[in-house]
There are 2 protein chains.
Amino acid sequence: MYRSHNCGALNASHINQEVTLAGWVQKSRDKGFMAWVDLRDRYGVTQLIFDTARTEASVFEAAKTLGREFVIQVKGTVIERESKNKNMPTGEIEILVSELTILNAALTPPFTIEDDTDGGEDIRMKYRYLDIRRNPVKNSLLFRHKVAMEVRKYLSDLDFCEVETPYLIKSTPEGARDFVVPSRMNEGQFYALPQSPQTFKQLLMVGGMDKYFQIVKCFRDEDLRADRQPEFTQIDCEMAFVEQEDILDVFEGLTRHLLLEIKGIAVDKFPRMTYDHAMKTYGNDKPDIRFGMEFGELNAVAQHKEFSVFNSAELVVGIAVPKAGEYTRKEIDGLIEWIKRPQVGASGMVYVKCNEDGTYKSSVDKFYDQEDLAQWAKITGAKPGDMIFVLSGPANKTRVQLSALRMELATRLGLRNPEVFAPLWVVDFPLLELDEESGRYHAMHHPFTSPKPEDMALLETDPGKVRANAYDMVLNGNEIGGGSIRIHDKATQQLMFKYLGFTEDEAKAQFGFLMDAFQFGAPPHGGLAFGLDRLVAILGGQETIRDFIAFPKNNSGRDVMIDAPAAIDTKQLQELHIKLA
Amino acid sequence: MYRSHNCGALNASHINQEVTLAGWVQKSRDKGFMAWVDLRDRYGVTQLIFDTARTEASVFEAAKTLGREFVIQVKGTVIERESKNKNMPTGEIEILVSELTILNAALTPPFTIEDDTDGGEDIRMKYRYLDIRRNPVKNSLLFRHKVAMEVRKYLSDLDFCEVETPYLIKSTPEGARDFVVPSRMNEGQFYALPQSPQTFKQLLMVGGMDKYFQIVKCFRDEDLRADRQPEFTQIDCEMAFVEQEDILDVFEGLTRHLLLEIKGIAVDKFPRMTYDHAMKTYGNDKPDIRFGMEFGELNAVAQHKEFSVFNSAELVVGIAVPKAGEYTRKEIDGLIEWIKRPQVGASGMVYVKCNEDGTYKSSVDKFYDQEDLAQWAKITGAKPGDMIFVLSGPANKTRVQLSALRMELATRLGLRNPEVFAPLWVVDFPLLELDEESGRYHAMHHPFTSPKPEDMALLETDPGKVRANAYDMVLNGNEIGGGSIRIHDKATQQLMFKYLGFTEDEAKAQFGFLMDAFQFGAPPHGGLAFGLDRLVAILGGQETIRDFIAFPKNNSGRDVMIDAPAAIDTKQLQELHIKLA
């Protein structure tokens, strides 16, 4: 037996017990006649003491040779500590060591194994196994496990059944983003790794396996932006004989349970917001509603004056920034620079300072009088001491720009508190979105999403207006889950493929099995999927997902620790019936 | 809302309630003025009644048009059934239907959706979504979920943390069996799908994430025998600061818990058996110990007589088959034919009938007298009424043949009762096994398994004799789990790679990251993995795993339902920097 207790287990109740511990040397101090070692494992840190008066000389000498991250085993007696540390569970005791065994020596680690390490991102990824020893990463992984277990328990208790769907499947029309796997046994053919188990969960509904869920890896081969991973984890769910309301109920319940169970936070019924409302009010289909700064549309009051910039704009829209009336000219200029950056792309910004005395001072005083500006303040909800920022231009683009500004200001103003949780549903998404390059419509969600029956007629006349039975769960400015009620009859599904520009043959080759299945008694069904990586990071109060993934890949899709991907040998290529291009 | 209750929920306590149900038409009967429909969903079956006296004419007529597997919704009143069926939960009631909606029509299914279907394996796989509607498959999937949840709960309660390891990793030396994934972003390079998360779980131990587990898909591209799948699921586990005993304790506990919780069966402490003993006593490293028929080695008593077949054999070995003394000459000849089949490969068999009066009658009476045969009976444990079968030849081969005979006879004698569970540990596996073709030694388990320290010296002199700290959990003749204590220091790991025929460069290219990791403070560690598919099938009392996998592949690795793998287009190949050979 390597240990009688772990390094987080001992306290004053164990005093005088003989114990055996094993772990890593976190740090050691040596005062000549006394030496201390902090011994660390997954569960905590326990202080060891070596004392020339009470410790055998050979053991004492050995203790002095211990380097950081050495793996050791000690036997000793639990004794009361002289200088107690009330902040740590083991802080009242220490171990007077009688025996010491070095289980494994360690090279000096390339960065410090401390909460605040001196290691940069790259080196920490290369030695991820050392990074995982640090509390911030270790605790994130433990936290992730806790969240996943709660999800499973909650859904199982509601009679959901976790079903494993296959990883070696068929390439889909969004195939360009599929990872593929050459088949050795089927020459010239390839499996694809699933971007999601979408069609399989629908087939499970056709198969009567109502109330399915799965915590499952998914794969997407796209150019990686920061904080995207080629493999990611979904909580994937589907139910039969349900309407949108049933789904929202169940998964709002799940999220509320997680917030309560994991964070101790009780939240009310989630607000619901249509996609149109979210875009108009926040310029964003995943609005962060932890703070206000809702958009005020100013066309009616700001146009038809002398200011040609506004007069020619499709949309004039502003936000009132709380307590920003004090911004200096320099700060304002800085913000104007910020919104002109290519990533945001605005061409300029108008501002109105709302003075404490109820008067206004704006950058367009030449064109607007106090009464005009008072109207702006009313519409944007500005109060004395606030600042109104106004953008103008093409409606969609301008909203997106103002949303970026709103988020940036909220960050600067400290309004994005990670310990405040403001979930909501965004509903009534458009079914289709226009791809401006090709002029073709794409499914906004995916081709299996059902249109709202009352909008079906618009499919022929104004496809962009058709709303879908689709919904997203949004938390603190992030889409954490999304889903839809699905099409469940062959005719509608065929129609949908037609509108999406599939030929009949293409639709059949790709999804014949699904449309066949719909002919054999498919129930109405719908579901959703949560992004687990993101969900866990947000619940954990973090901005990035990387610490919540044990072995993440970098922005080139590489695992720098194991150095993958890598070349494979010619024989293997031959067996797979492929060669390098 | 599509339903107020599911089809398994209603009973006599609901009589007179107005309810809404939805589901599939299991069957319908029509007696002219009355009609009945059995409505089925995941949860059960409820009888619907349509009655010309009480049901509106249009509804009655509609009911008569319903075909098998139509998806319908009905409203009606729960009434007491005239002819009650006490065997089903809803058997005391039926629903007098007032409204009927056809939610989806269905073509006639290609096979009957019944427990005993008329559909063969092939058609059921093609329409797997219909197969899943059948109770045997549906219940197997629900059972699998239950087992997986129990595993997770048990391990979580013991402080194990489920950590997701990556699926896109690096090809290993057993690379020929890797599925690979060409990288778009890293030209000419490939990921591999994991055959197991072995190295990652070891790195987690180096990272201090003691007590890891994961229920995880693994992939192996090998020629598929019946009941093997290219993707399969493991319960993968690893612990730090443990010896073999600690691991056996924890996972014996898990298995005992599953048997008790899932099957209601309490089992004693698992017997332990060395690999050598298992091979000598059962001819098999995964012995089925639900029954006896242990091997008796007869060399000492059967050789040095006149029977040259035995005299020239390395091993003469027999089993006593209980109550087989009555076998007719024809039955015995049949068995002799059976063991001569190429799959078994014996050249002949000697038998001894143990008469009820204590005398013996054998096929070799010419060479052996009653006293000789009494010795055989004593060694094989034969009792009056039993039959002894004896094989001879090269030791290893003969044991394997006799093991096959033992299993066949047990099956014929009904001794392999799937509701009896006889788990055991097989320990002290050899570290290496000789590949007869290449004359080289391979790791029997994998190259990370640690040799027993006391056998280390044999590595140079008699490598086949070195025992490993490796163990298998065996249940009813199946290996359901296996693992080992790992090597945790760089020097030993390097030595092992050397003995396995790796050059230093090869070892470094493939596993440099692991050996690097061992230099930074690797703790002693070990673990094991269970095959979930097999475990669930055995617990479910089934011989084959296929019904416990939602969407299995056939023996050519094809998913015949979605028709994968499939060709992909040239553009996609180009983007992946490969072409077809």
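**Note on a predicted two-chain model**

1. In chain A, strand β14 (residues 350–354) pairs with β15(A) in the antiparallel sense over 3 bridges, and within that pairing Cys354(A) has Tyr360(A) of β15(A) as its bridge partner. Two strands are taken as paired if DSSP finds at least two bridges between them, while strands (E, at least two residues) and helices (H or I, at least four) are DSSP runs numbered from the N terminus. Both strands belong to an open sheet of 5 strands in chain A, ordered β12-β13-β16-β14-β15 with antiparallel pairing; its edge strands, each pairing on one side only, are β12 (296–297) and β15 (360–362).

2. On provenance, this is a predicted model, in which local features need pLDDT of at least 70 and side-chain atom pairs count only at pLDDT 80 or more, whereas totals for chains, interfaces and linings use all residues. Residues are numbered from 1 along each chain as its sequence is written, chains are lettered from A and ligands numbered from 1 in the order in which they are written, and side-chain values use heavy atoms, with hydrogens and water left out.

3. The contact between the chains (heavy atoms within 4.5 Å) takes 124 residues from chain A and 124 residues from chain B. The two chains bury about 10,800 Å² between them, 62% of it on carbon and sulfur atoms, where buried area is the accessible area (1.4 Å probe) that two parts lose on being put together, summed over both. In chain A, the residues that lose the most area to chain B are Glu164(A), Phe241(A) and Phe520(A), which together make up 8% of what that side buries.

4. Helix α4 (residues 135–157) of chain A gives the most to the side of chain A that touches chain B, with 9 residues. By class, that side has 70 nonpolar, 23 polar and 31 charged residues, with Ala, Val, Leu, Ile, Met, Phe, Trp, Tyr, Cys and Pro counted as nonpolar, Asp, Glu, Lys and Arg as charged, and the others, Gly among them, as polar.

5. Strand pairing also crosses between the chains: strand β23 (residues 578–580) of chain A and strand β23 (residues 578–580) of chain B run antiparallel and are joined by 3 bridges. Here Leu580(A) has Ile578(B) as its bridge partner in β23(B).

6. Within chain B, strand β3 (residues 44–51) runs parallel to strand β5 (residues 93–104), with 2 bridges between them, and Ile49(B) is partnered by Leu96(B). Strand β4 (residues 71–80) of chain B runs antiparallel to β5(B) and is joined to it by 10 bridges, with Ile72(B) opposite Ile102(B).

7. The peptide bond from Ala564(A) to Pro565(A) is cis, with omega near 0°, and Pro565(A) lies in the loop between α16 (532–539) and α17 (570–575) of chain A; in chain B, a cis peptide bond joins Ala564(B) and Pro565(B), with omega about 0°. Lys211(A), although not a glycine, has a positive phi of about 65°, and is found in the loop between α5 (198–206) and β9 (212–219) of chain A.
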